[in-house]
Structures are given as structure tokens and as C-alpha cells.
Amino acid sequence: MSAPPSPERALSLAADVVRLADGVPLQATVRAGRRRVTRLGNGHVLHGAEVEETRVMVRAVVDGREGISFTNDASADGLRAARDRAVGAARAASGEGGIELPGPAEAGAIVAVDHHDEATAEGDPAAEGRQIAAALDAARRADATLAGVRVAMSEARAVANTAGLERSDRATMVQARLIATAGAATGHAAQVAERVADLDVVALAGDAARTARAARDPHPLPPGRYDVVLEPPAVVELLQWLSIIAFGSRSWESGESFLSGASGDRITGDRVTLYDPGPEAALLPVAFDDEGVARRPVTFVDRGVAGEAVHDRVSAARGGCQSTGHWAVNDRFPSPGAHPAAVVFAAGAHAGDLTRELAHGLHVRRFHYVNGFLDPKKARMTGLTRDGVFEIRDGERVRAVRDLRFTEDILDAFARIDAVGDTLGAPGGFWHHVAGCDAAPAILLRDFEFTGVCE
Amino acid sequence: MGDPLALAIDRLAARGARLGEVRSVEREVEWLKVRGGRVEQSTHTVDRGLGVRALTGGWGYAGGPAADAARLADRAVDLADAAAAGAYDTIDVGTNAPVTGEHRTPCEIDPFGVSLEDKLGVLLPATAAMGDLAVAEGTIVAMRIRTRLRTTEGTDVTQERVLTGASVEATAADGGRVQRRSYPKSMEGNLVARGFEHVLGEALVERAPEVGDEARRLLAAEKVPSGEWDVILDGAQLSLQIHESCGHPTEGDRVLGEEMSLAGNSFLQPHMRGSRYGSELVTLYADGRDEGAAGGFGWDDEGTPATRVDLVRRGEFVGWLSGRESAARLSTPQAAAMRADSWSSIPIVRMTNVSLEPGAGTLDELIASTERGLLLSRNRSWSIDQLRLNFQFGCEAAWEIRDGEIVGLFRDAVYTGSTPSFWGSCDAICGPEEWRHWGWAFCGKGDPVQLIHVSHGCAPARFRGVRIL
């Protein structure tokens, strides 16, 4: 492969774009990335893949209104065309205006973060192949077949603008998401890390296989309310939906978020603290957003009390508050406004296995296909269990249980949390990102409502 | 620099690849979103690159700039060789006859030739026409995708697809209550493989007042009573029902356990072929040839000519979506369903246009023949289990039907069921006059996730005894 992405080259490219400004306030955000993937299925390696791409976002501001273009054509003609498209879009835009690009002072001082690992960026295909083979073997020895993915990413990012701002960073990430199948039962294990040395694919395979074996011959339980222990992957999926429906600037502005107008109000239980750690994250921290503004931690819910949503400078100006450094534009799946990079459920004080505290309940490893649009003001969500659900009696696992569907008002449900584990898990999400990682502890929650049973 | 595809093909052949595919993709995508009289997002993306897939003892894929064609070919072969040790003992892709040609989707008005000012001239009046609301939004999307695929078998096909979509969405809010209504459905609207003439034909300005009114009415409406109801799904909602409960479980790679890490598995396993999936009225099929439909093309990303494959025939499960390898593993005809969302993604089995054959009669006639029921309109929420059996959908609006007439409007309609018993309860499907394609821009699948456009042709249909929560 070619050399790993370099923040110096990314910044140089961003500066090239800014030199095309020709009197128009202009911003360039460059992402130079490389991704290696090994995909597994049915106990085999389905394929290995590598992709390299440098993407340039050009943001132009005319009369306080913006237009944005993206390109991966870094030639002089390509950049000029991107600049022209952005300027044209800015000229055509309507609205109250008021957008200004931040200079270094407006962008604020950043907290330096470093989660780049050279070995992860370079990669070692032979070593990775041996690990994958060992993982497949570990599952086979446990009479299970493995499916999943191992992804390693490295990225250099740079932001430059005509107001004199120049910032760059680099990051690496490696993630494995594995499903073991034993008969009709499945088990899941996943992990995100900054360094390949911290990812133990073989151990994950073993975990997944043990869960799959334990999940065989599930019994049906009737729908109803059960005390549950939710493992970190299940909690993280709920956090991701809370982020979508409530923690971004757009839903906050429109009043659709349960945080809207509720700052300082008690909205859930006092064991619940949810936040975006920003540059203080233990895993994949982020120092600044895609317009170069310093990111700061944001507390969405503080011990059950409503806090704030994330903002960029545009939404903050409209809302009469401060930017939290969450400006970004997604051209693949347009979702305007500021969004959290990560949501963390603060760890609690309970050490050890929470299932020991269940007199009778369910141990839920993971949720699937959660949807939070049923009633966002109440955080009403539905979803299904997946990859291992177990009935617990007197702190002991008694049998596997058939998958169930839940429909719950999550804020109310979180008010019934009885215990929070002391260790955060970071399984990774739907998308693979080098920056920002959701994390959660295991939680023990009373009377969680299941409204259906899967066949 | 020579032709990058030729360079890559030559390199694949020189490296002894059993099969090599080189795909150049250029995408141009524009999203224009307005909210409350201002432009909320105006993005224009131009993106091009080369994806090389190689088969030796395993599969390898490398993506990057076309200027790196030879290096990408080498890398794809290296990755294929590295994958060999863990790959299937046998990878049978059959032998596809080489094809050459060009294909274009119909386009009267180039959407990229329409100025942003003219597009805003559609969206801004439309959002203003929705009246007093918490939020009034509008979206126009345009895509142009140019591809060229060459293979070591001699295939050389060039395609150009132009797609457009447009929508308006109204959000009404009152204290703690929020209701949404969209037309023709939310986000991308009805995405089709046609030019800007489609956006103009959606008549957003004319339809907008009704959308705003319905959002306000929903705010004041009662919640739909829970229990068993006969339901009629409108085309937009039925298209998503088809997508989730037929399109996905018939993807051959899911059936083979190859999608487990993200999207899951399927209940439509090989031993289920010939079993009952739905009522006798239900015939579901995939056809990539449907002109003007978002999931259509001339050849898939393996170079297999678009074709029709029956998935469910008169209620009986009969087939899967597949590519060359999955078709061989499932002993099923190739469905020409291998698609990648960009040059940077490997082709995987995807939906094309997965549709429900029409029945007979108009929607008015279907309502008139319903004694007590609900007409459920446009989707609001969606959830289904990883086998694609247990589902739950929320809809924007539920029109109450009593003695064959619409008598009122309910809010917050959520219905749930299990796929075979739900489709088994289908006792009426409207006719060709009510049938149209409904395109979706963001079908997510694969790991890393790919988002691709698909379409579902359908006419409204009735299902008996459906559980409303």
C-alpha cells in the first residue's frame, strides 16, 4: 500500500483550496483515509478489501449564507470546480444569513489529543491473517461458525479557512464485530480500540462462541415486564437512538427533543448521566469539529436532570447559546444540524456481575433494529433482543430465552435503573468512525416491557 | 496514462486472477434541504474512483483513484490470495457470457442543468404553503451515476443512471405532542430513475397545503384504539413492508449466513422453498429492468444482464436475490442482484426493484368493500427482527374506515405482526391503475455499511386482523 495518510499533506491540500478563494470566505476540510476490511461469513473469509480516498469539502459563504461541495478530485481543476460549485450554492441560498467562518480566536484553543498508532496505520497483513485464522479456529473448536468483520482505519484530517484558521489531526481505529452461530443460536462480541495491539480477535471469537452455545434451545417466555440486565452493546444501541432523537441541535431547536425547554428539569432517574466527552474521551477523542472549532464535552443528562444539546456556531447563534464544536456536514446521509460524536453513559459503582442481583429476570446481551421514532418526546422506542437472551433466577442463569420485542419509553425505563456497572464497554456502532465512540456500562433495570415474542 | 480499466484488466490477467472485475464509478449527488424559509443544507458531491475485485483462491477488493489502476489490481489479487486460506474450499461463479453495451435511464430534464434558484423556486413556495407549523421542510435530491464495468471474461458495459426525488414534511407541535406528515413520503420522497420532470410532476406546491392541514389535524386527533383491525396499507407504507419483510429475507447472502454481523439472517432458508409465504393473491418479484425505477439498471455490478426473478409466486416462496456465487451455492438462477453503492465498496447481493404484482380495482373500491378498518398512510417508524419475521411499523396517519367510508383520522398508529401470517392475511390488492414504483435512497446493508437506492412497485392492499398497538 501507499504511505498512511498524513496531516501535513491534508493541511497542504486544504491550504491549496483556500488559495482559490478569490475574495469569497472559504473553508476546506480534508479527510485522507485508508480502510482495510476482512469480512467473515459462515465460518469463512468472504473477502479482504482495502480502500484509500482523499475527500475535500469546500464551504463558501456569500452574504452570510453557505454552500458546500464535496470532491475526491484533488487536481487543480477538480478543486476549482468544487470551489465554484460551493460559491454558486452560497449565492443561491436563501435565509437570514449570519454565517461567518471562525478565525483562530473564534475557534478557541483546542485540547491536544492523539490517538494515532503507527502499527495500526501501517498494518501487518500477515499478522492480521493469522489472527483471523485463529479466530475462525477458536469458533470451530467451540462447535460454532463465525461471521463478522474486522476493520482498521487511519485518517488524517485538516481544516483551513480564509479567516486564518489551520488545524489538523490524525487518528487510527480498529474494530471487530463478530457473530458466532451454533445451530440456530447466535452470540455476539465486539470491540473498538485505537491500536491493533489492543484488539484481541481470538478472545472475541471465543466469547461469541460461548454465548452462542449457551443460547441454544431457547424457551419462549410470554411478553410482559421483566427485570433486566442490559449489557453495554444493548445500552449503546439505546444511546445511539437518544442521540438521533434528542441530543442534536435540529431536534432541540424544533422542540421535538425531550431536552427542548427542559434544561434543569428532572427527566429520568438519578443514576443516569449521559454525555459527549469530546476531547476528554477515553477512546477516540475529538479535539475540534469539521469547521475547526474546539470541541468541548457536553452533558445531555446529569444525574437524571436535562442538560444541553450539541451545537455548532450556526445553531448556537439562533439558539442564543455557545457552540459546542459539533459542526459537520454529511453528504451521504443528509442530516442537518449538529450531532454528538459520541454518547457515553457514565459508569456507576457496581463492581462485578449485575446478573447476580436478579431474583428473576432476563440477561440481554444486545438489541437489534431499535427505532426511536415512535414518540421522540417520550423517547418511546421499540426493538428486539438478539444474540443471546438468558433467564436468570436467584442470580444464576437457568436457560436461554427466545428473542423478544420491547416497546418502552426509555426515559421512564431509565428511571427504574437499580444499579449501574463500574466498567464501560465500547462495542462500536453501525458505522465505522475514527473519531468518537459510544460507551456504556451494564445496567440493571426493573420492569422493562416486552411486547412481543419472536418465532 | 492509458485506459485505467484496460491497465487493471491486463494486470489482473497477468497475475492469474480466475475472475477479475474493474468498475469505474463517477457519482454526482446534490441534496437541497430547506427549513422554515431558509436553506438548511445545500451540498453537491462529485466523486469518482476505481474498484477492482479479484478472485483467486479467495476474493479481494481494492478501491482508489483511477490513476492507481495497476496498483489496485495488484492489491486486489494480493488480498484475494491472502483470503484464500480462510475462504470456502470451492467458489463457483459459473461462466457468464461476456456482454457489451450501454444503458441509460430515461431523463427528459437534466436535474443538474436546473439551477439552484429554480429548485428553491419549487421548495420555498411549497414549504410556505403548508401554513402555520413548528417546522416546514422540503427536500430535492438529484443523482447521476456513471459506471463502466470490464471483466477478464470480456464484459464491457457502460451505464448512466439519473435519479431524482422530492418531498415536503410538516411538523406540528403542541406542548408535549409532536406530529409529522409528509408527501409523497419523507426525506428523499419517491426516488425514481427519471430527470427533473419527476420533481415537477410531484406538484409539491399544490399538495403542500393538504400536508400542513393533516399535520395539524393529527395533533388534535385521538390515538388509534389498540386491537385487531383490518388494515389497508397505502403504496408508500406497503413499499416499506415489502422492503423489510420480503426484499431483505430473500437476499441470498443473508440466507447463507454472510450478513450476520450487521443485518442478520433470514427465515427463508433453502428448506423453506415451496413453503407458504402469503395468500394466493401475493406474487412478489425482483426485476432490475423496470424502466424509471430507482433499483434498475442494464447490468448488475458483475455484468449480469438485469432480469426478473420471482421470489413469491401466488403465496409460495420460490426464489432469492443472488449474484453468481450465491446463486451457485443456493442452486438458484442468477438474479443479477450484485450491486455496490460506490467505487469504494465491494458488490454484495442487494435488492433491485422488488415488487408486488397488482390485483384489481381502485383504492376507493377497496375502501368501499371494507366494513371496519384503517387506511394506514406513510411510514414513521420501522423495526424487524434479524430473521425478518417479527416486525413493527408506525405510520404517520390512520384513516378510520366504517361501512366502506373514511369517517375520521387517528394518530400514532403502530402495527405489528409476523411476516408469513401477515402476508397470509392479504385478501385484496388494488389494480394496475393504483400501482406505482416507490423508491428509497438509503437501504443499508453490508459491513462496512453500504447505502443504496432500491424500489418497490405496489398498489394499496388490505390485510385482515392486524394487531394495532
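Reader: What makes β9 and β10 of chain A a pair of strands?

Author: In this predicted model, two bridges join strand β9 (residues 298-302) of chain A to β10(A). At least two bridges are needed for pairing, so the two bridges between β9(A) and β10(A) meet the rule. The two strands run antiparallel. At one of the bridge positions, Val301(A) has Ala306(A) in β10(A) as its partner.

Reader: Which sheet do they belong to, and which strands are its edges?

Author: The sheet is open and has four strands, in the order β10-β9-β8-β11 (chain A), with antiparallel pairing. Its edge strands are β10 (305-306) and β11 (344-345) of chain A, as each pairs on one side only.

Reader: Why are β12 and β15 of chain B called edges?

Author: They belong to an open sheet of four strands in chain B, ordered β12-β11-β10-β15 and paired antiparallel. β12 (316-317) and β15 (354-356) of chain B each have a single partner strand, so one side of each has no neighbour in the sheet. For β15(B), three bridges join strand β10 (residues 284-287) of chain B to β15(B), and the two run antiparallel.

Reader: How many residues of chain A and chain B are in contact?

Author: In chain A, 77 residues are in contact with 77 residues of chain B. The area buried between the two chains is about 6600 Å², and carbon and sulfur atoms give 51% of that area. Arg39(A), Arg250(A) and Tyr369(A) supply 10% of the area that chain A buries against chain B, more than any other three residues.

Reader: Why is the pair of Arg75(B) and Glu50(A) called a salt bridge?

Author: The closest N and O atoms of Arg75(B) and Glu50(A) are 2.5 Å apart. The limit is 4 Å between a side-chain nitrogen of Lys or Arg and a carboxyl oxygen of Asp or Glu, so this pair qualifies. Across the interface of chain A and chain B, the rule finds 10 salt bridges. The count of residue pairs in polar contact between these chains is 43. Strand β2 (residues 44-62) of chain A gives the largest share of the side of chain A that touches chain B, with 11 residues. By class, that side of chain A has 28 nonpolar, 28 polar and 21 charged residues.

Reader: How do you know that β2(A) pairs with a strand of chain B?

Author: Four bridges link β2(A) to strand β3 (residues 59-64) of chain B, in the parallel sense. The rule asks for at least two, so the pairing counts. Gly48(A) has Gly60(B) in β3(B) as its bridge partner.

Reader: What makes the bond from Tyr183(B) to Pro184(B) stand out?

Author: The bond is cis, with omega near -15 degrees. Most peptide bonds are trans. Pro184(B) is in the loop between β7 (177-183) and α4 (196-201) of chain B. The peptide bond from Asp447(B) to Pro448(B) is also cis, with omega near 0 degrees. Pro448(B) is in the loop between β21 (436-445) and β22 (450-458) of chain B.

Technical notes. Residues are numbered from 1 along each chain as its sequence is written. Chains are lettered from A and ligands numbered from 1 in the order in which they are written. This is a predicted model: local features need pLDDT of at least 70, side-chain atom pairs count only at pLDDT 80 or more; totals for chains, interfaces and linings use all residues. Side-chain values use heavy atoms; hydrogens and water are left out. Contact means heavy atoms within 4.5 Å. Buried area is the accessible area (1.4 Å probe) that two parts lose on being put together, summed over both. A polar contact is a pair of N or O atoms within 3.5 Å; within protein, one must be able to donate a hydrogen and the other to accept it, and residues adjacent in sequence count only if both atoms are side-chain atoms. Ala, Val, Leu, Ile, Met, Phe, Trp, Tyr, Cys and Pro count as nonpolar, Asp, Glu, Lys and Arg as charged, and the others, Gly among them, as polar.
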